[in-house]
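Student: I have a new structure to read. Where do I begin?
Tutor: Let us look at it together, one feature at a time.

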Amino acid sequence: MALLYLPDALSPTLAGLLLATSVLTSMITAALGAGGGALLLALMALWLPPAAIIPVHGLIQLGSNAGRAGLTWRHIDWKVIAAFLPGVLLGGLIGGLMLVHLPAAVWQMAIALFILYLCWGPSLPKAILSPLGTFVAALATTFLTLFVGATGPLVAAFVKQIHRDRFRTVATFACAMTLQHSAKGLVFGLTGFALHEWLPFIAGMIACGFLGTWIGLRLLIRLSNLHFQKYFNILLTLLALRLLWQAARTAGFF
């Protein structure tokens with residue numbers, strides 16, 4: 001159905017390819033905790049009009065994360081979400097008022113280095129993992145996601161510091177990202193982005209993403225907490241290294 005009502009920027013072949021990648025990237029996020037959203041953003045950036053990339057990606061990720069949160073709701077840490085939500089609201093409000101473009105190399109390098117620290121450095125002090133620290137993390141990442149698109153690996157790395165159980169990590173991260181992408185969708189809707197022509201395609205991507213999530217959660221059951229943490233750290237590290245490479249390229253080092 002999504003292929004019958006495509007925006008002018010998408011051919012049926014390209015739309016079909018992106019629908020298939022939605023299954024794959026959602027499966028990756030459900031099984032390993034993160035990474036699928038950033039991979040999908042990178043692929044969409046190759047073919048979609050620049051003005052459509054972040055809002056369309058945000059709504060697709062809203063549906064994908066909502067589906068994952070729904071399937072794992074029993075494992076969500078609601079105390080973390082209660083601290084995360086006010087930060088999302090304030091970060092979305094500030095970002096919506098400013099809606100400026102940050103230098104790409106700056107945010108790419110900052111996010112990459114922080115992810116590497118969260119994966120391989122000493123554990124964060126408990127004060128940072130407190131409700132206040134969670135609020136600040138939510139505010140900062142929600143603000144950034146309006147301009148850079150995929151801050152999911154940063155949120156995932158933060159949630160990883162709080163929980164070691166793989167289902168707790170995946171479920172809480174999915175709920176947090178559902179809130180964050182909801183704020184993003186609201187901001188872009190209020191600022192006049194023409195979403196209506198993209199809605200059938202977005203609906204198809206969300207449906208394919210739900211299938212990928214279901215497959216990924218079946219894989220998650222087979223992983224132990226130890227193996228999950230290992231693969232999770234490796235995936236986040238690869239994403240961080242990719243960001244560092246992008247930052248160097250953006251800054252003109254090569």
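Tutor: Begin with the elements. Helices (H or I, at least four residues) and strands (E, at least two) are DSSP runs, numbered from the N terminus. Here the protein chain runs α-α-α-α-α-α-α-α-α-α from the N terminus on. That gives 10 helices and zero strands.

Student: What kind of model is this?
Tutor: This is a predicted model: local features need pLDDT of at least 70, side-chain atom pairs count only at pLDDT 80 or more, and totals for chains, interfaces and linings use all residues. Residues are numbered from 1 along each chain as its sequence is written, and side-chain values use heavy atoms, with hydrogens and water left out.

Student: How is the length of a helix checked?
Tutor: The expected span is 1.5 Å times one less than the number of residues. Helix 1 (residues 12–32) has 21 residues and should span 30 Å; its end C-alpha atoms are 30 Å apart, so the two agree. Helix 9 has 24 residues and reaches 35 Å from first C-alpha to last, close to the expected 34 Å.

Student: What share of the residues in the protein chain is buried?
Tutor: Buried means under 20% relative accessible area, exposed over 50%, and partly exposed in between (1.4 Å probe, protein chains only). Of the 254 residues in the protein chain, 52% are buried. In helix 1 the buried residues include L14, L18, S22 and T29. In helix 9 they include F201, G209, G216 and L220.

Student: Is T134 buried or exposed?
Tutor: T134 is buried, because its relative accessible area is 2%. Its place is in helix 6 (residues 131–148). Contact means heavy atoms within 4.5 Å. Leaving aside neighbours within four places in sequence, T134 is in contact with V80, A83, F84, I128, L129, F158 and I162.

Student: How do I read a nonpolar core?
Tutor: In soluble globular proteins, nonpolar side chains tend to be buried together. A nonpolar core is a set of buried Ala, Val, Leu, Ile, Met, Phe, Trp, Tyr and Cys residues joined through side-chain atoms within 4.5 Å. The largest one here has 33 residues, and V155, L220 and L236 have the most contacts inside it. Among the elements that give two or more residues to this core are helix 4 (78–98), helix 7 (152–162) and helix 10 (225–250). Helix 8 gives the most, with nine residues. Apart from this core lies another, of 20 residues, among them L6, L48, I53 and M205.

Student: Which residues does V155 touch beyond its neighbours within four places in sequence?
Tutor: V155 is in contact with F84, T141, F173, A176, M177 and Q180.
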